[in-house]
Amino acid sequence: MLEPGRNLALLLDKYLMGNWQDGTNYAWILAQFGFGAMTMLGLLGGQILKRVQGHGKKLAWLLCSGAGCLALGYVWSLDFPIIKRLFTSSMVLWAAGWCYLLLALFYLLTDVLKLNWLTFFFSVIGSNAIFVYIWVSLCPPTSNFSRVLFTGFSGCFGDADRFVFYLCNYALIWGVMYYMYKNRTFIKV
């Protein structure tokens, strides 16, 4: 059974975690196999970039890996559906396929075509990704801090107020990250 609340992954979580379960429909214990597989597929992408010689061959490997994972994930999903909350194996393949294709796109833009200005926005985020996780944990977009800063301004936009509110929050985070990037302040583990 793969119904919400009635599947092996969630039953195992309830049995083993008891009161420690987070109360969502996300599986954690059996999903660890999928998380591990996704990590290994990510490592494979890194090995392709590191070991394969030549831009054309790297792009071909990434594109073929992406198309292959998408095809395998789709075919597998006909028998075992793509369910993100359970992190099913078909979902792992499907997500990995899209990740390989995006990796190929960004590799093409930055390393082959040298269009770094197109990816600069993401470079600022990637250079301090840990900071984003800390920021969102300590000061989420719905916190009092954000409400004080942006509720009045975003309220001027009528039906688009929520969109503008979140846009202002993320612009603030990106601005702080840009400041850190310019001053070469990087948080690392």
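Student: In this predicted model, how do α2 and α3 run, roughly parallel or roughly antiparallel?
Tutor: Let's start with the names: helices (H or I, at least four residues) and strands (E, at least two) are DSSP runs, numbered from the N terminus. Axes are lines fitted to C-alpha atoms, for helices over the stretch in contact, with angles from 0 to 180 degrees between N-to-C directions; under 35 degrees counts as roughly parallel, over 145 as roughly antiparallel, 65 to 115 as roughly perpendicular and the rest as oblique. The axes of α2 and α3 cross at roughly 160° and come within 9 Å. That angle therefore makes the two helices roughly antiparallel.

Student: What kind of model am I looking at?
Tutor: Residues are numbered from 1 along each chain as its sequence is written, and side-chain values use heavy atoms, without hydrogens and water. Local features need pLDDT of at least 70 and side-chain atom pairs count only at pLDDT 80 or more, while totals for chains, interfaces and linings use all residues, as this is a predicted model.

Student: Back to the helix pair: which handedness does the crossing of α2 and α3 have?
Tutor: A crossing is left-handed if the near helix is turned anticlockwise from the far one by less than a right angle, and right-handed if clockwise. For α2 passing α3, the crossing is right-handed.

Student: How many residues of the contact of α2 with α3 are charged?
Tutor: Contact means heavy atoms within 4.5 Å, and here Gly45, Ile48 and Leu49 of α2 meet Lys58, Trp61, Leu62 and Ser65 of α3. Ala, Val, Leu, Ile, Met, Phe, Trp, Tyr, Cys and Pro count as nonpolar, Asp, Glu, Lys and Arg as charged, and the others, Gly among them, as polar. The contact of α2 with α3 has four nonpolar residues and two polar, and the number charged is one.

Student: Is Ser65 buried or exposed?
Tutor: Ser65 is found in helix α3 and is in contact with Ile48 and Tyr100, leaving aside neighbours within four places in sequence. Buried means under 20% relative accessible area, exposed over 50%, and partly exposed in between (1.4 Å probe, protein chains only). The relative accessibility of Ser65 is 14%, so Ser65 counts as buried.

Student: Which residues does Leu41 touch, leaving aside neighbours within four places in sequence?
Tutor: Leu41 is one of the residues with the most contacts inside the largest nonpolar core. With those neighbours set aside, Leu41 is in contact with Val92, Ala96 and Tyr100.

Student: How is α4 placed against α5, roughly antiparallel or oblique?
Tutor: Two packed helices are described by the angle between their axes and the distance between the axes. α4 and α5 (residues 116-127) have axes 8 Å apart and an angle of about 120°. That angle makes α4, relative to α5, oblique.

Student: How many residues of the contact of α4 with α5 are polar?
Tutor: On the α4 side are Phe106, Leu109 and Thr110, which meet Asn116, Leu118, Thr119 and Phe122 in α5. The contact has four nonpolar residues and no charged ones, and the number of polar residues is three.

Student: Is Lys114 buried or exposed?
Tutor: Lys114 is found in the loop between α4 and α5, and has a positive phi of about 55° although it is not a glycine. The relative accessible area of Lys114 is 57%, so this residue is exposed.

Student: Is Pro141 buried or exposed?
Tutor: Pro141 has its place in the loop between α6 (129-138) and α7 (144-154). Not counting residues up to four places away in sequence, Pro141 touches Ser146, Phe165, Tyr166, Asn169 and Tyr170. With a relative accessible area of 11%, Pro141 is buried.

Methods. Core = buried A, V, L, I, M, F, W, Y, C linked by side-chain atoms within 4.5 Å.
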